[in-house]
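Keep the 3D view open while you read.

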Amino acid sequence: MEKKNIDWSNIGFGYMQTDKRYVSNYKDGAWDEGTLTSDATITISECAGVLQYAQTCFEGMKAYTTEDGHIVTFRPDLNAARMADSAARLEMPVFPENRFVDAIKQVVAANAAYVPPYGSGATLYVRPYMFGSSPVIGVKPAEEYQFRVFATPVGPYFKGGAKPITIKVSDFDRAAPHGTGHVKAGLNYAMSLHAIVTAHGEGYDENMYLDAATRTKVEETGGANFIFVTKDNKVVTPKSSTILPSITRRSLMYVAEHYLGLEVEEREVYLDEVKDFAECGLCGTAAVISPVGKIVDHGKEICFPSGMEEMGPVTKKLYETLTGIQMGHIEAPEGWICKI
Ligand code: PLP
Ligand code: COI
């Protein structure tokens with residue numbers, strides 16, 4: 001397979017149009033057979049449900065070139081299941097989970113020339129999404145939907161790659177109790193834009209959101225879950241019904257326990273105790289594990305002992321083990337790696 005002539009090591013996290021994408025339409029109560037297309041544009045009603053009332057959800061995953069030259073994806077069945085949960089919460093029809101995984105495989109295979117080579121630091125980001133396409137003017141679900149998957153090569157989500165970032169405790173909330181924080185609804189991201197633009201304007205890389213009800217507990221950032229490491233090497237991650245159940249975080253907790261022999265804990269984490277942790281990282285498909293060096297809470301600085309130059313030692317081990325599994329040089333647990 002001849003790869004595209006792209007400067008893989010210098011691409012950022014952005015959109016680059018690739019050759020093929022998958023599309024399936026839902027009409028009269030059923031999904032059509034679906035197909036790959038070269039057409040990267042969408043034509044829909046001016047009154048489409050997605051345009052009026054934001055009826056849309058999405059997923060994010062990556063395809064990797066392994067050390068021995070295969071193309072693989074990581075746990076796509078979990079993305080399929082989460083998208084089913086998102087669709088149900090937004091009153092959208094579920095795209096069948098087996099067809100979801102098949103669509104991912106088709107899109108990755110059709111864009112194999114865009115899957116960055118092993119060791120380049122880049123990956124192919126795969127974006128499944130779904131939206132209400134038929135006209136809606138009274139507030140109600142659309143009757144017709146489109147499911148799509150496109151792919152785009154990406155580099156690191158945070159500029160500087162593995163350099164620790166600085167984040168602020170946000171004055172805005174991301175998700176309400178009993179709201180949509182636990183699903184991947186586009187609306188969650190629309191309402192986070194003001195918060196992230198504000199944070200960037202103040203010189204921070206990201207926001208730490210607190211629980212909206214009490215504003216005492218750590219939730220997540222706009223696009224990643226938190227992991228913390230205690231001074232005695234326990235891996236702790238916030239438990240909350242209003243954060244997105246990150247597949248990366250779930251995988252890391254497994255890796256910490258079963259590969260690294262560390263104690264792990266998923267529990268409520270209070271902002272007050274964050275100063276006592278030794279390391280902090282953001283985890284997600286896009287973020288992988290991005291180390292956090294400093295958190296600023298209204299002028300009060302929490303500086304982790306791991307500092308602003310490199311990942312802390314436990315974060316680094318987690319990063320190396322997870323990416324080793326994804327790139328095929330560490331044996332994966334059963335079912336984690338999906339060969340294209
Ligand atoms: N939290 C939010 C709000 C996200 O958008 C994402 C990205 O998908 C994550 C967490 C990380 O989830 P995952 O590890 O499944 O990519
Ligand atoms: C992902 O990690 O896949 C996400 O969807 C996060 C997004 C903010 C880029």
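Which residues point one way from strand 11, and which the other way? Asn225, Ile227 and Val229 go one way, Phe226 and Phe228 go the other, and all are buried. Bear in mind that this is a predicted model.

**Strand 11 and its partners**
- On one side of the pairing story is strand 14 (residues 279-284), which runs antiparallel to strand 11 and joins it over five bridges.
- To spot that pairing, find Ile227 and look for Gly281 in strand 14, which stands opposite.
- Strand 12 (residues 235-238) is also antiparallel to strand 11, and two bridges join them.
- Here Val229 has Val235 of strand 12 as its bridge partner.
- Strands 11 and 12 make a hairpin with five residues between them.
- In that turn, Asn233 has a positive phi of about 65°.

**The annotated lysine**
- An unreviewed UniProt entry marks Lys184 with "modified residue: N6-(pyridoxal phosphate)lysine".
- You'll find Lys184 in the loop between strand 9 (165-169) and helix 4 (186-190).
- Is Lys184 buried or exposed? Lys184 counts as buried because 24 other C-beta atoms lie within 10 Å, and the cut-off is 20 or more.
- Leaving aside neighbours within four places in sequence, Lys184 is in contact with Cys57, Phe58, Glu59, Arg82, Ser86 and Leu244.

Technical notes:
Residues numbered from 1 in each chain as written. Chains lettered and ligands numbered in written order. Predicted model: local features only at pLDDT ≥ 70, side-chain atom pairs only at ≥ 80, totals over all residues. Buried ≥ 20, exposed ≤ 12 C-beta atoms within 10 Å, placed from the backbone. Helix = DSSP H or I, 4+ residues; strand = E, 2+ residues; numbered from the N terminus. Pairing = 2+ DSSP bridges. UniProt positions renumbered as here; feature names shortened; annotations may be inferred. Contact = placed C-beta atoms within 7 Å.
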